Amino acid sequence: MSGLAPADPGPDRALVLEGIGLRLGGRSLVEGLDLTVPPGEVVTLMGPSGVGKSSLLDFVCGTLDPAFEASGRVRLAGRELTGLPPERRAVGILFQDDLLFPHLSVAENLAFGIPPSVRGRRRRRARVAEALAEAGLAGFESRDPATLSGGQRARVALFRTLLAEPRALLLDEPFGKLDVALRDRVRRFVFDHARARALPTLLVTHDPADARAAGGPRVELSTPGMQQFG
Amino acid sequence: MGATLRRLSEPARPAAGAPALRLPGTGDWTRPVPALTLTLFLLPIGAGLLGTLLPAFGWLPALGGRALGLGPWRALFAEPGLGRAVLVSLVSGVGGSVAALAVVVLFCAGCHRSRLFRRLRVVLAPLLAVPHAAVAIGLAFLIAPSGLLARLVSPWATGWTLPPDVAMVNDPWGLALGLGLAVKELPFLLLMTFGALGQVQAAQRLRTARALGYGPATAWLKTVLPAVWPLVRLPFYAVLAYSLSVVDMAIILGPSTPPSLAVLVVRWFYDPDLSLRFVAAAGALLQLALVAGAIGLAALAERLAARLGRRWLAGGGRGGGGRAADLAGRTAALGALGLGLASLLGIALWSVAWRWRYPEALPSVWSAQTWLRHLDALLPTTAVTFGLGLAATLVALALVVGCLEREQRGGRRPGRGALWLLYLPLLVPQVAFLFGVQVLAVRLGLDGGWLALVWSHLLFVLPYVFLALAEPYRALDPRFGRAARCLGAGPDRMLWRIRLPMLLRPLAFAAAVGFAVSVGQYLPTLFAGGGRVATLTTEAVALSAGGDRRVLAVYAFLQTLLPLLAFLAALALPAWRHRRRRGLRLPS
């Protein structure tokens with residue numbers, strides 16, 4: 001596959017979290033979290049459900065529910081993200097469900113992610129075709145996402161996110177719902193593409209196998225003030 | 001690369017200079033929408049009530065009323081037949097709405113296990129779409145002494161060769177009106193109850209109670225009803241308020257000397273003797289008091305029922321196998337819904353009947369003559385009805401989507417108080433504020449214009465559109481929106497490209513509901529149109545006093561057809577748009 005050569009892991013392209021605190025209804029979920037995710041590396045955040053792993057990702061990509069009180073700063077490639085609306089952060093995210101838009105075709109789903117700076121119908125279409133070819137789904141343009149298999153959907157979801165040209169990737173247990181045989185393949189596929197694009201990648205999971213496959217550093221998130229290393 | 005990870009134990013500190021993490025507010029068009037909606041709502045109702053209140057105490061400078069006093073009230077209570085009119089309102093209004101509620105409870109308690117229970121949903125929406133006036137006209141065709149029912153059993157069973165001289169319609173106590181109200185309100189109450197059942201885990205409650213040895217009907221009454229009632233309370237109050245103050249159905253089915261209070265008030269408003277306007281205003285306030293009193297009594301009855309019910313619940317009686325309740329519920333619900341459907345059939349028959357002598361069960365000569373002869377009047381009237389419905393529905397949809405979207409972006413849901421506000425136009429009797437609205441409209445030179453018409457319809461269309469859309473809008477998985485935002489879509493692009501297309505089905509349904517509500521409006525059209533704007537509904541009500549059933553049937557038929565077509569379109573459009581999208585198909 002083309003484009004898998006490791007890109008320049010310049011430290012200035014890292015995703016940096018500084019002193020992150022999250023509170024909901026007076027209860028503190030995360031306190032004083034500092035984290036640097038270097039480009040091309042997958043950092044795994046682990047912890048039991050309810051400790052605020054997903055909320056942390058929401059905070060990073062700017063979609064945190066306003067009911068939360070949040071503090072701390074997020075920087076990406078030297079740019080301050082805190083306070084920016086999600087669409088201007090260039091942070092891609094994959095959820096546990098692929099969340100392909102059910103009213104759009106596969107091609108329309110992918111094209112939704114392509115930035116408007118790519119002008120012209122032909123050029124946008126070519127981008128979609130390239131992405132589908134890279135995902136091993138050439139010719140799938142007009143398909144209804146509901147007719148795809150789980151693995152195919154996961155690949156479309158990944159490429160939709162990558163086509164938006166993110167500078168960092170967040171993974172919110174994206175392999176949790178895939179069956180075991182598929183999980184390993186999809187996992188490798190996602191990690192390989194993230195590394196190939198030198199994306200700082202933050203993975204949230206409670207599956208230790210995910211963390212092992214990610215190969216990067218691991219952070220254990222538990223009750224506030226007790227973050228440990230894994 | 002573990003070195004890149006640092007752990008600091010210092011407490012969280014606010015980001016220096018970073019704004020609070022709210023989704024961006026600049027240029028967000030949804031921000032003023034809730035306030036705008038409330039203003040559009042409260043302004044006419046408040047001003048209208050004031051415009052009724054002042055004349056009721058003698059203040060209406062345009063007609064020379066410049067001294068406050070109790071004169072109008074004295075005149076009101078001196079009106080002959082006032083007491084009887086109030087009684088007719090109570091008998092028909094309270095009787096009709098309580099009957100509808102009783103059928104709902106009986107049906108749900110008795111038949112919640114049956115297939116009928118699940119299937120009924122399908123017929124409820126179209127029945128809901130039929131305007132009140134059309135139901136009344138159809139019911140009159142059905143139960144009048146010369147109606148379909150009498151014809152079906154005459155002369156072979158009854159010996160009648162002439163219609164018997166019994167007041168089956170326009171009876172002096174308003175019983176026919178009560179029946180009509182029960183038939184018309186039943187689908188609405190059932191639909192609201194079905195919606196509520198989904199929110200209270202009814203199945204789980206029933207399983208638990210059944211496992212403890214309770215019979216099905218008793219289990220429903222003891223474990224589901226107490227949970228469902230708080231969600232059905234407001235809709236029931238709306239039904240009660242509407243039934244007590246209905247005008248169009250009361251003109252068609254109710255008595256005429258004296259009529260129910262609301263009809264009497266409208267008569268006074270339109271009396272050539274302008275001094276009666278003061279009496280009308282006082283009467284409108286009496287109507288308001290009647291509704292407020294009835295709702296207060298209902299709340300009191302509810303407390304009493306709750307107290308007795310607690311004792312009954314704690315008594316531990318298990319109840320029987322539920323066969324009797326099943327049969328009773330089935331009979332009542334199917335009977336009432338059957339009456340509704342048969343009414344529509346009668347309308348269709350009469351609209352194409354040319355010769356139909358008593359006691360023939362079917363017309364002897366069929367013809368499209370009635371349609372063709374009135375085409376010149378039908379077309380513009382239909383166009384006005386359609387245009388008005390479309391305009392009010394589109395404005396309502398825009399406002400409701402704005403409010404619901406604001407809720408999503410602000411991350412805050414309105415409390416129960418907002419729901420009461422939403423129901424306000426449905427709880428306050430129309431006659432109590434529409435008169436004031438008209439006075440205001442005349443003042444501002446808006447009466448009879450489209451602005452006044454659309455606005456007045458909006459007051460009643462908007463609550464229903466909101467009720468139809470709120471649940472699906474809030475239930476849409478918020479992660480789709482988040483995914484879209486993280487793909488680089490701004491809040492508006494996300495709304496237009498993702499959220500609204502995904503909600504096409506409920507949007508279309510809400511639009512159909514709103515359109516149907518607008519088509520059915522009688523009093524708002526009459527008042528805001530200054531009596532000069534004719535819709536299918538105002539024409540049908542006006543014709544109901546005359547003799548020709550065929551013409552009346554044509555108008556009633558069209559009046560029913562328009563909303564039904566809207567519902568068909570609401571089914572067809574999403575089905576066609578999503579024909580190649582399996583993920584959006586209805587689970588069948």
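Analyst: A90(A) lies in the loop of chain A that runs between β5 (79-80) and β6 (91-94); helices (H or I, at least four residues) and strands (E, at least two) are DSSP runs, numbered from the N terminus. The model is a predicted one, in which local features need pLDDT of at least 70 and side-chain atom pairs count only at pLDDT 80 or more, whereas totals for chains, interfaces and linings use all residues. Residues are numbered from 1 along each chain as its sequence is written, chains are lettered from A and ligands numbered from 1 in the order in which they are written, and side-chain values use heavy atoms, with hydrogens and water left out.

The backbone of A90(A) has a positive phi of about 55°, although the residue is not a glycine. Its relative accessible area is 25%, so A90(A) is partly exposed; buried means under 20% relative accessible area, exposed over 50%, and partly exposed in between (1.4 Å probe, protein chains only). A positive phi near 55° also occurs at E165(A), likewise a residue other than glycine. E165(A) sits in the loop between α4 and β7 (168-172) of chain A, and at 42% relative accessibility it counts as partly exposed.

Other loops of chain A hold buried residues. P38(A), in the loop between β2 (27-37) and β3 (42-46), has a relative accessible area of 9% and is therefore buried. Its C-alpha atom is separated by 8.7 Å from that of A198(A), 160 residues apart along the chain. T63(A), in the loop between α1 (53-61) and β4 (68-76), is also buried, at 10%. When residues up to four places away in sequence are not counted, T63(A) touches D58(A) and P86(A), together with R482(B) and C486(B) of chain B; contact means heavy atoms within 4.5 Å.

On strand β1 (residues 15-24) of chain A, L15(A) is buried because its relative accessible area is 0%. Leaving aside neighbours within four places in sequence, its contacts include L35(A), V60(A), V74(A), L170(A) and P200(A). D184(A), by comparison, is 169 residues from L15(A) in sequence and 26 Å from it in space, C-alpha to C-alpha.

Helix packing comes next. Two packed helices are described by the angle between their axes and the distance between the axes. In chain A, the axes of α4 (residues 150-163) and α5 (residues 180-196) come within 10 Å and cross at roughly 15°; axes are lines fitted to C-alpha atoms, for helices over the stretch in contact, and angles run from 0 to 180 degrees between N-to-C directions. The angle makes α4(A) roughly parallel to α5(A); angles under 35 degrees count as roughly parallel, over 145 as roughly antiparallel, 65 to 115 as roughly perpendicular and the rest as oblique. Among the residues that make the contact are A154(A), L158(A) and L162(A) of α4(A) and V186(A), F189(A) and H193(A) of α5(A). By class, the contact of α4(A) with α5(A) has 8 nonpolar, 3 polar and 1 charged residues; Ala, Val, Leu, Ile, Met, Phe, Trp, Tyr, Cys and Pro count as nonpolar, Asp, Glu, Lys and Arg as charged, and the others, Gly among them, as polar.

In chain B, the axes of α3 (residues 82-111) and α4 (residues 115-129) come within 9 Å and cross at roughly 135°, which means that α3(B) is oblique to α4(B). Here F107(B), C108(B) and C111(B) of α3(B) meet L116(B), F117(B) and L120(B) of α4(B), a contact with 6 nonpolar, no polar and no charged residues. C111(B) is also in contact with D326(B), as is G110(B), when neighbours of D326(B) within four places in sequence are left aside. D326(B) belongs to helix α13 (residues 323-351) of chain B, and at 19% relative accessible area it is buried.

A cis bond with omega of about -5° joins S154(B) and P155(B), and P155(B) lies in the loop between α6 (148-152) and α7 (175-199). The bond from T257(B) to P258(B) is also cis, with omega near -5°, and P258(B) lies in the loop between α10 (248-253) and α11 (261-269).
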